[in-house]
Amino acid sequence: MKYDYLIVGAGLYGAVFAHEAKKKGKKCLVIDKRDHIAGNIYCEEIEGINVHKYGAHIFHTSNKKIWEYINQFAEFNNYINSPIAVYKDELYNLPF
Ligand SMILES: Cc1cc2nc3c(=O)[nH]c(=O)nc-3n(C[C@H](O)[C@H](O)[C@H](O)COP(=O)(O)OP(=O)(O)OC[C@H]3O[C@@H](n4cnc5c(N)ncnc54)[C@H](O)[C@@H]3O)c2cc1C
C-alpha cells in the first residue's frame with residue numbers, strides 16, 4: 001500500500017496532522033513505539049476511573065479557533081484547576 005505521509009508518533013501532533021491530511025485526500029500511516037495511541041495524554045481505565053498514565057493533563061487555551069476545533073472531537077466539562085498545598089498543617093491556594 002502507498003502512503004503520502006508516514007507519521008511517527010500517535011500523540012496529539014501526529015493525530016491532528018493525520019486528521020487534517022486525510023481531509024485533504026492524503027493517505028497517512030501513523031506508527032508509534034508505544035502499544036497505544038494518544039502519546040503523553042493517554043488515559044488508562046482503572047476500576048472505572050480514567051487515569052492519566054504519564055501525568056495529569058488539562059486542556060487549556062485562550063484561542064477561540066482552537067477551542068472550536070477541539071470541540072468537534074469531544075464534549076468538554078467545565079473543570080477548573082484550583083490546586084491547594086498543605087504546608088505545616090495549613091492549606092494554601094496555588095499559585096501563591
Ligand atoms: C506530565 C505532563 C503533564 C502535562 N500537562 C499538560 C497539560 O496540562 N496541558 C497541556 O496542554 N499540555 C500538557 N503537557 C504537554 C503535552 O503532553 C504535550 O504538549 C503533548 O502531549 C505533545 O503531543 P505530541 O504529539 O507532540 O507528543 P507526545 O504526546 O509525546 O507523542 C509523541 C509520540 O511519539 C512516539 N514516538 C516518539 N519517538 C518515536 C519513534 N522513534 N518511533 C515511534 N514512535 C515514537 C511516542 O511514543 C509518543 O506516543 C504535559 C506533559 C507531561 C509530560
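The largest pocket of this predicted model is lined by 25 residues, and those nearest its centre are Leu12, Ile41, Phe59, Ile70 and Phe76. A pocket here is an open set of points on a 1 Å grid over the protein atoms alone, where a 1.4 Å probe fits, with protein on both sides within 12 Å along at least five of seven lines; lining residues have an atom within 4 Å of a point. The space in the largest pocket comes to about 900 Å³, a volume being the space filled by probe spheres set on the points, with grid points joined across faces, edges and corners. Its lining comprises 18 nonpolar, 6 polar and 1 charged residues. In this classification Ala, Val, Leu, Ile, Met, Phe, Trp, Tyr, Cys and Pro are nonpolar, Asp, Glu, Lys and Arg are charged, and the others, Gly among them, are polar. Helix 1 (12–23) and helix 2 (64–70) each give at least two residues to the lining, and helix 1 provides the largest share, 4 residues.

A nitrogen atom of the ligand, in turn, is 2.8 Å from a polar backbone atom of Ile58. On its own the ligand has 1,000 Å² of accessible area, of which the protein covers 57% (Shrake-Rupley method, 1.4 Å probe).

Strand 3 (residues 43–46) pairs with strand 4 (residues 49–52) in the antiparallel sense over 4 bridges, and Ile46 has Ile49 as its bridge partner. Pairing requires at least two DSSP bridges; helices (H or I, at least four residues) and strands (E, at least two) are DSSP runs numbered from the N terminus. This hairpin has 2 residues between its strands, and Glu47 takes a positive phi near 50°. Strand 5 (residues 84–87) and strand 6 (residues 90–93) also run antiparallel, joined by 4 bridges, with Ile84 opposite Asn93. In their hairpin, with 2 residues between the strands, Lys88 has a positive phi near 50°.

Residues are numbered from 1 along each chain as its sequence is written, and side-chain values use heavy atoms, without hydrogens or water. Because the model is predicted, local features need pLDDT of at least 70 and side-chain atom pairs count only at pLDDT 80 or more, whereas totals for chains, interfaces and linings use all residues.

Technical notes. Polar contact = N/O pair within 3.5 Å; in protein donor to acceptor, adjacent residues only side chain to side chain.
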